[in-house]
Amino acid sequence: MANDKEIVMELLPLIRVYKDGTVDRLLSSPNVPPSLEDPETGVSSKDVVIADSPYVSARIFLPKNHNNPTHKLPIFVYFHGGAFCVESAFSFFVHRYLNTLVSQANIIAISVDFRLLPHHPLPAAYEDGWTSLQWIASHATNNATNPEPWLLNYADFNKLYVGGETSGANLAHNLLLRAGNESLHGDLKIFGALLSSPFFWGSKPIGSEPVEEHEQSLAMKVWSLACPDAPGGIDNPWINPCVPGAPSLAALACSKILITITGKDEFRDRNILYHDTIKKSGWQGEVEVFDGGDEEHAFQLFKPETDRAKAMIKHLASFLV
């Protein structure tokens with residue numbers, strides 16, 4: 001049957017939007033169900049509701065070796081990549097990746113399903129991230145609505161990590177800055193952040209970024225859709241945290257940060273600048289860069305069987321302690 005719906009907007013290769021409001025998310029992998037026990041890793045997962053209005057849900061992962069009463073487990077709050085418009089907390093690639101990471105690191109992971117473009121421009125995703133952190137923090141003080149037994153029984157709330165890939169890492173970065181100005185329930189602190197190829201950009205090309213195509217880059221187009229009214233446009237501190245006049249990165253509210261970069265990632269130079277700007281800011285924590293090699297960003301999700309992906313996942317797991 002021919003598709004006679006009128007296309008009103010395309011952001012290729014990511015999404016296509018129709019006049020009736022429906023959206024084709026062209027690069028999303030299929031959603032998969034949670035598993036009582038993943039056959040390869042032994043990790044258990046289930047889906048939970050964090051908030052009803054606006055609706056925020058998540059998938060929570062529990063490692064096989066979770067039942068040691070003397071050893072509580074770190075929590076990793078994960079925000080998926082996908083330019084704020086594709087993928088989900090429940091997608092095949094995210095599910096497989098977190099099964100592996102949870103098994104190797106022996107952590108609890110919470111994959112947050114935040115609202116997506118085009119119907120929910122920023123800061124909707126940022127707000128959903130903050131709601132998720134507040135929900136987790138409420139467990140530490142036994143005040144949770146929709147309490148989650150896996151958190152109450154097994155979580156070490158002194159080891160709360162945030163992170164994600166590309167746009168998800170951007171989200172995590174902005175939560176760290178917010179946590180520097182606002183308190184979580186019970187004054188819970190974020191311990192660390194794992195930022196894989198964070199989505200940062202700016203109006204002026206830096207490093208190896210192409211000069212002639214800069215204005216037409218996919219990053220520019222994504223940001224125009226994500227936050228069309230952002231003061232400063234592509235130099236808004238949400239997307240360009242190193243721009244002059246941006247809030248000081250000394251306010252990042254955690255004790256350690258791991259930034260991962262790859263050789264073929266268009267955000268590589270921005271991420272190195274981000275690391276250098278943190279170092280110069282007077283921030284009091286430990287910041288490290290890990291280079292995953294000559295790969296595209298998020299390759300460890302798409303090609304986990306490769307030696308480089310295995311090495312990267314091992315390094316990420318060793319950070320989440």
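Biologist: What is the volume of the largest pocket?
Modeller: The model is predicted: local features need pLDDT of at least 70 and side-chain atom pairs count only at pLDDT 80 or more, while totals for chains, interfaces and linings use all residues. Residues are numbered from 1 along each chain as its sequence is written, and side-chain values use heavy atoms, with hydrogens and water left out. A pocket is an open set of points on a 1 Å grid over the protein atoms alone where a 1.4 Å probe fits, with protein on both sides within 12 Å along at least five of seven lines; lining residues have an atom within 4 Å of a point. With points joined across faces, edges and corners, and volume taken as the space filled by probe spheres set on them, the value is about 540 Å³.

Biologist: Which helix supplies the largest share of the lining of that pocket?
Modeller: The lining has 26 residues, and L14, G82, A83, T166 and H297 lie nearest the centre. Helices are DSSP runs (H or I, at least four residues) numbered from the N terminus; α1, α5 (218-226) and α7 (299-302) each give at least two lining residues. The largest share, 3 residues, comes from α5.

Biologist: How are α1 and α8 oriented to each other?
Modeller: With axes fitted to C-alpha atoms over the stretch in contact, and angles running from 0 to 180 degrees between N-to-C directions, α1 (92-105) and α8 (307-319) pack at about 55 degrees, their axes 9 Å apart. Angles under 35 degrees count as roughly parallel, over 145 as roughly antiparallel, 65 to 115 as roughly perpendicular and the rest as oblique. The pair is therefore oblique.

Biologist: Which residues of α8 meet α1?
Modeller: Contact means heavy atoms within 4.5 Å. From α1, the residues are Y97, T100, L101, Q104 and A105; from α8, they are I313, K314, L316 and A317.

Biologist: What is the handedness of the crossing of α2 and α4?
Modeller: α2 (124-140) and α4 (167-179) pack at about 60 degrees with axes 10 Å apart, and are therefore oblique. A crossing is left-handed if the near helix is turned anticlockwise from the far one by less than a right angle, and right-handed if clockwise. Here the crossing is right-handed.

Biologist: Which residues does L27 contact beyond its neighbours within four places in sequence?
Modeller: L27 sits in the loop between β3 (23-25) and β4 (44-52), with strands being E runs of at least two residues. Leaving those neighbours aside, its contacts are P13, L14, V86 and E87.
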